[in-house]
Amino acid sequence: RAVLVRASSAHVLAAEGRRRFWSDQAGGAGGEPAAPAVSWMAGVLTFIDAALSEGPVRLDAAAGRAGLSADRFRHVFAEAQGLSFKRFVLWRRLQLAATLLAGGVDVTTAAHEAGFSDGAHLARTMKAMFGVQPRRLVPSG
């Protein structure tokens, strides 16, 4: 099960630790989600990742992809992933933004690509979750 942790700034900011941190939190090597407990989960996870930059990722749209009612989907998704749907989507947004930042993309572009309204929204969310500002994840040089 995926478990959110408050990471120390040093661990997130260390060049080699940063990559390992995001990989570990995604559930395994290569940033892939943990093995789903149900067969339709891979399709739902792909849908979520594809929809991140388009704005809100709607639970009812994901539930429809899974062929479940929204209420049933909410329960089954949380059971399989260890996080609520909303928290999981936020987690994937943060992971995408951090990956883009580590690749040298500026904060505003990373925020928009990950589905945040602006750089300030990304900064507040990242600071609340990990205690670091996004600009600290941008490679120097």
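## Threonine 125 in helix α8

Threonine 125 is part of helix α8, which spans residues 119-130. The model discussed here is predicted. With a relative accessible area of 12%, threonine 125 is classed as buried, because the cut-off for a buried residue is a value under 20%.

The side chain of threonine 125 comes to 2.9 Å from the backbone oxygen of histidine 121. Once neighbours within four places in sequence are set aside, threonine 125 has contacts with Leu90, Leu94 and Phe116.

## Chain overview

The chain contains 8 helices and 0 strands. Read from the N terminus, the order of elements is α-α-α-α-α-α-α-α. Of the 141 residues in the chain, 39% are buried, and threonine 125 is one of the buried residues.

Contacts between residues at least 6 apart in sequence were also sorted by separation: 57% of them link residues at least 24 apart. The accessible surface of the chain amounts to about 7500 Å². Carbon and sulfur atoms account for 52% of that surface.

## Packing of α3 against α4

Helix α3 covers residues 41-51 and helix α4 covers residues 59-66. These two helices pack at an angle of about 145 degrees, and their axes lie 9 Å apart. The crossing of α3 past α4 is right-handed.

On the α3 side, the contact is formed by Gly43, Val44 and Phe47. On the α4 side, Ala61, Ala62, Arg65 and Ala66 take part. Sorted by class, the contact of α3 with α4 comprises 5 nonpolar, 1 polar and 1 charged residues.

## The loop between α3 and α4

Glycine 55 sits in the loop between α3 and α4. Is this glycine buried or exposed? Glycine 55 counts as buried, because its relative accessibility is 16% and the limit for that class is under 20%.

Glycine 55 can also be placed relative to a residue elsewhere in the chain. Glutamate 113 is 58 residues away from glycine 55 in sequence, while the C-alpha to C-alpha distance between them is 9.4 Å.

## The loop between α7 and α8

Helix α7 covers residues 107-113, and glycine 115 belongs to the loop between α7 and α8.

Which residues does glycine 115 touch, not counting residues up to four places away in sequence? They are Leu52, Ser53 and Arg93. Glycine 115 and valine 57 are separated by 58 residues in sequence, and their C-alpha atoms are 9.2 Å apart in space.

## The segment after α8

Proline 139 is located in the segment after α8. Its relative accessible area is 41%, and proline 139 is accordingly classed as partly exposed.

Proline 139 lies 38 residues from leucine 101 in sequence, with a C-alpha to C-alpha distance of 7.7 Å. Leu101 is also one of the residues that proline 139 touches when residues up to four places away in sequence are not counted.

Technical notes. Residues numbered from 1 in each chain as written. Predicted model: local features only at pLDDT ≥ 70, side-chain atom pairs only at ≥ 80, totals over all residues. Heavy atoms only, no water. Axes fitted to C-alpha atoms, helices over the stretch in contact; angles between N-to-C directions. Helix = DSSP H or I, 4+ residues; strand = E, 2+ residues; numbered from the N terminus. Left-handed = near helix turned anticlockwise from the far one by under 90°. Contact = heavy atoms within 4.5 Å. Nonpolar A, V, L, I, M, F, W, Y, C, P; charged D, E, K, R; others polar. Buried < 20%, exposed > 50% of the residue type's maximum accessible area, 1.4 Å probe, protein only. Areas by Shrake-Rupley, 256 points an atom, 1.4 Å probe, with all protein chains shown as cover. Polar contact = N/O pair within 3.5 Å; in protein donor to acceptor, adjacent residues only side chain to side chain.
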